[in-house]
Amino acid sequence: MEKIKVMFVCHGNICRSPMAEFIFKKLISEENLSDRFEVSSSAVSFEEIGNPVYPPAKEILAKNGICCRSKRAVHFEYEDYLSNDYILVMDSSNMRNILRITKGENDGRIKLLMSYTGTDSSVSDPWYSGDFTTAYNDILSGCTALLEHIKQNM
């Protein structure tokens, strides 16, 4: 059975997208679906490549029983577009940047994470707001809705 490949993308891959990666991994684990998925995250920029998850993001994950210790920021590449079934971006800026990387290609796999909640809103950006709780809650909501969507289509 081929795994469902899900990649979360944000600007630097140190806050929102790794939070989404590990929240989604927890959700699929709780549903005993981990063996059906390959989950990752990446950045549309280069400035944080190789860096660990930003400490406040790591802290809010830990408060919710989620470990992301080994995660390091990586860059989204065109090959990631080709190899993933679902590519979830956190905001419209990420969407513009990812479409630059894919040279405008999007066959529907690249979507705003929050679109699965029925809105076209962005995940709150804690890098600027400092509000990691709101970002966590947005991501949890989006990931929960995404998983429900995928389960309905399995």
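**Cysteines, a helix and a pocket**

Good morning. I begin with C10, a buried residue whose relative accessible area is 4%. Please keep in mind that the model before you is predicted.

How many disulfides does the structure hold? The number is zero. For C10, the closest cysteine sulfur belongs to C15, and the two sulfurs are 6.8 Å apart, which is too far for a bond. A disulfide would require the pair of sulfur atoms to be within 2.5 Å. C68 is likewise in no disulfide, since the sulfur of C67, the nearest from another cysteine, is 6.2 Å away. C68 is buried, with a relative accessibility of 3%.

Let me turn to helix α1. This helix covers residues 16-30, 15 residues in total. From the first C-alpha to the last, α1 reaches 21 Å, close to the expected 21 Å at 1.5 Å a residue. Just after α1 comes N32, which takes a positive phi of about 55°.

Is α1 largely enclosed by the rest of the structure or largely open? Of its 15 residues, 11 are buried, so the helix is largely enclosed. The buried residues include R16, S17, P18, M19 and A20 at one end of the list, and L27 and I28 at the other. Against which elements do they pack? The partners are the strands β1 (4-10) and β2 (37-43), together with the helices α2 (55-63), α4, α5 and α6 (132-152).

E21 counts as buried, at 5% relative accessibility. Which residues does E21 contact, once neighbours within four places in sequence are left aside? They are F8, V39, S40, S41 and K71.

Finally, I come to the largest pocket. As a general principle, rolling a probe the size of a water molecule over the atoms shows where empty space is left. In this model, the largest pocket contains about 250 Å³ of space. Two elements each give two or more residues to its lining: α4 (92-101) and α5 (126-129). The lining consists of 15 residues, and those nearest the centre of the pocket are H11, G12, D125, W127 and Y128. How is the lining divided by class? Five residues are nonpolar, five are polar and five are charged.

Thank you for your attention.

Conventions. Residues are numbered from 1 along each chain as its sequence is written. This is a predicted model: local features need pLDDT of at least 70, side-chain atom pairs count only at pLDDT 80 or more; totals for chains, interfaces and linings use all residues. Side-chain values use heavy atoms; hydrogens and water are left out. On a 1 Å grid over the protein atoms alone, a cavity is a set of points where a 1.4 Å probe fits but cannot get out, and a pocket is an open set with protein on both sides within 12 Å along at least five of seven lines; lining residues have an atom within 4 Å of a point. Grid points are joined across faces, edges and corners, and a volume is the space filled by probe spheres set on the points. Helices (H or I, at least four residues) and strands (E, at least two) are DSSP runs, numbered from the N terminus. Ala, Val, Leu, Ile, Met, Phe, Trp, Tyr, Cys and Pro count as nonpolar, Asp, Glu, Lys and Arg as charged, and the others, Gly among them, as polar. Buried means under 20% relative accessible area, exposed over 50%, partly exposed in between (1.4 Å probe, protein chains only). The expected span of a helix is 1.5 Å times one less than its number of residues. Contact means heavy atoms within 4.5 Å.
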